[in-house]
Amino acid sequence: AAPAVRVRPAARSLFDEPLGIAVSGLSPRQRVTLRATLRDEAGELFQAAARYQAGDDGELDLARCPALPGGSFSGLEPMGLLWALQPQKPLRRLVKRDVRSPFLLQLEVLEGHGEPPGRLLAQAQHERAFLRDGVRRIPVREGRIRATLFLPPGNGPFPGIIDLYGAGGGLPEYRACLLANYGFAVLALAFYSYEDLPKEMKELHLEYFEEAINYMLQHTQVKGPGIGLLGISKGGDLCVSMSSFLKGITATAVINGSIANVGAVLRYKDITIPPLGMSVNRIKVNKSGIADIVDVLNNPLEGPDRQSLIPLEKAECRFLFIVGQDDRNWKSEFFAVEGSKRLQAHGKEKPEIICYPGAGHYIEPPFFPMCSASMHLLVGKPVVWGGEPKAHCEAQIDAWQQIQAFFRKHLMGKPPGTASKL
């Protein structure tokens, strides 16, 4: 039989689902290179390749056969071809702009272990989709709100979550829609640099976010009495601010966030919180011209910078802090630990803190390849984000489960580990 690539599930899967990849019809002990290729919506190429040797029966199953040294990864890594994808053009991060279309994954089996490898023996295409069948995507333009609501299949009401990204601005939808696949009503909320919202992040008003909370609480498909918040990076400290000042929040999950207000003035009614001070002379630039900004921010526990601390002890919700211990954007473990101390000092419930050694700043849904460095809009130059690819991938898989379990427990009253009724 001619060599053939088998993928399970066959033609299409959700982006955050694991894939089974196998090759049949090879010669006994045949040496081959497996290559995965994916283009983002701008046409930029991401690739990974690994060296394998077929078994005595000419079969090669990535779940049982370790990759040999010399490729993008080695060892037993059934999903290595996805998490090890690297941009051909440096400083590109893989993001999904339009969740209505899948990414197309190309898998190739090439002869030998040469550089470059030999002729093409077999290939397969596989769609990595973002929307489960039946999930509804609803653009929201109500009052000032600029957002997209994702509703799961079936009859609600569903536990509601507002999802916020960081200083990149715009309206990323991919995490919100992947989360909606698991039974949550998720509002991906833009807060600047989108449509008629302010172009720059100079000043943020919590009244805008309050409007979004009220929109969710009044929605017939959203189960009350409160909602959840999920934020990464700048979106993380915004979630902490929302929890501290606004009503209607039951559970807040922060991925590599801060407990001080960062990057823009924050206003609510007659309260103003200045952004945390910083010193650009603490930026270290490596030989490739890429900046390490981990030491740039001032310590919010000292001097006038205390004014930037968010009063999270006022929050009435439960907190989960997801921390990449190799985050080079800022000291997210320090922020999580200080937040915990502060909550407990005020008699509040101790938050859950989950730390991942070897994980960097951008802890995304599973199987997004780690981005080691890319442009930072606020810094104006490329920065390192930290992380080690395999450990980062494992952190993303675990954090995704932890976040869902946290919201199920606090928004549905379900103990973790119990199956959702969907």
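Trainee: Hi! Where is S233 found in this predicted model?
Mentor: Hello! In this predicted model, S233 is found in the loop between strand 15 and helix 4.

Trainee: Is S233 buried or exposed?
Mentor: Buried: the relative accessible area of S233 is 12%, and the cut-off for buried is under 20%.

Trainee: And what about the phi of S233?
Mentor: Phi of S233 is near 60°, a positive value in a residue other than glycine. As background, most residues other than glycine have a negative phi.

Trainee: Which other non-glycine residue has a positive phi, of about 55°?
Mentor: That would be K269. K269 has its place in the loop between strand 17 and strand 18.

Trainee: Is K269 buried or exposed?
Mentor: K269 is exposed, because its relative accessible area is 62% and the cut-off for exposed is over 50%.

Trainee: What does the side chain of N256 reach at 2.8 Å?
Mentor: The backbone nitrogen of G324. The N256 side chain also makes a polar contact with the side chain of S332, at 2.9 Å.

Trainee: Which residues is N256 in contact with, leaving aside neighbours within four places in sequence?
Mentor: Besides S233, the contacts of N256 include I322, V323, G324, D327, W330 and S332, and also G360, H361 and I363.

Trainee: How many bridges join strand 14 to strand 17?
Mentor: There are 3 bridges, and strand 14 and strand 17 run parallel. As one example, L204 has L266 in strand 17 as its bridge partner.

Trainee: Are Y208 and F209 buried or exposed?
Mentor: Y208 counts as buried, at 8% relative accessibility. F209 is buried too, with a relative accessible area of 0%.

Trainee: Which pair is tilted, with 55° between the planes?
Mentor: F406 and F407 form that pair, at 5.4 Å centre to centre. Both F406 and F407 are buried.

Trainee: Which residues do ring pairs link into a cluster?
Mentor: The cluster is made up of F15, F103, F130, Y165, Y174 and F368.

Trainee: What sits over the ring of F103?
Mentor: The charged end of K96, 4.9 Å from the ring centre. For F15, R128 lies over the face of the ring, at 5.4 Å from its centre.

Trainee: Now cis peptides. Which residues does the bond with omega of about -10° join?
Mentor: R8 and P9. P9 is found in the loop between strand 1 (4–8) and strand 2 (12–14). A cis peptide bond also joins G224 and P225, with omega about 0°. P225 has its place in strand 15 (residues 222–232). In general, most peptide bonds are trans.

Trainee: What about G226, then? Buried or exposed?
Mentor: G226, found in strand 15, counts as buried at 7% relative accessibility.

Trainee: Last one: what does G226 touch, not counting residues up to four places away in sequence?
Mentor: G226 touches L217, G248, T250 and L411. As for A124, G226 is 102 residues apart from it in sequence and 45 Å apart in space, C-alpha to C-alpha.

Note on methods: Residues numbered from 1 in each chain as written. Predicted model: local features only at pLDDT ≥ 70, side-chain atom pairs only at ≥ 80, totals over all residues. Heavy atoms only, no water. Polar contact = N/O pair within 3.5 Å; in protein donor to acceptor, adjacent residues only side chain to side chain. Contact = heavy atoms within 4.5 Å. Pairing = 2+ DSSP bridges. Helix = DSSP H or I, 4+ residues; strand = E, 2+ residues; numbered from the N terminus. Buried < 20%, exposed > 50% of the residue type's maximum accessible area, 1.4 Å probe, protein only. Phe/Tyr/Trp six-rings, centres within 6.5 Å; stacked < 30°, edge-to-face > 60°. Lys NZ or Arg CZ within 6 Å of the ring centre and 35° of its normal.
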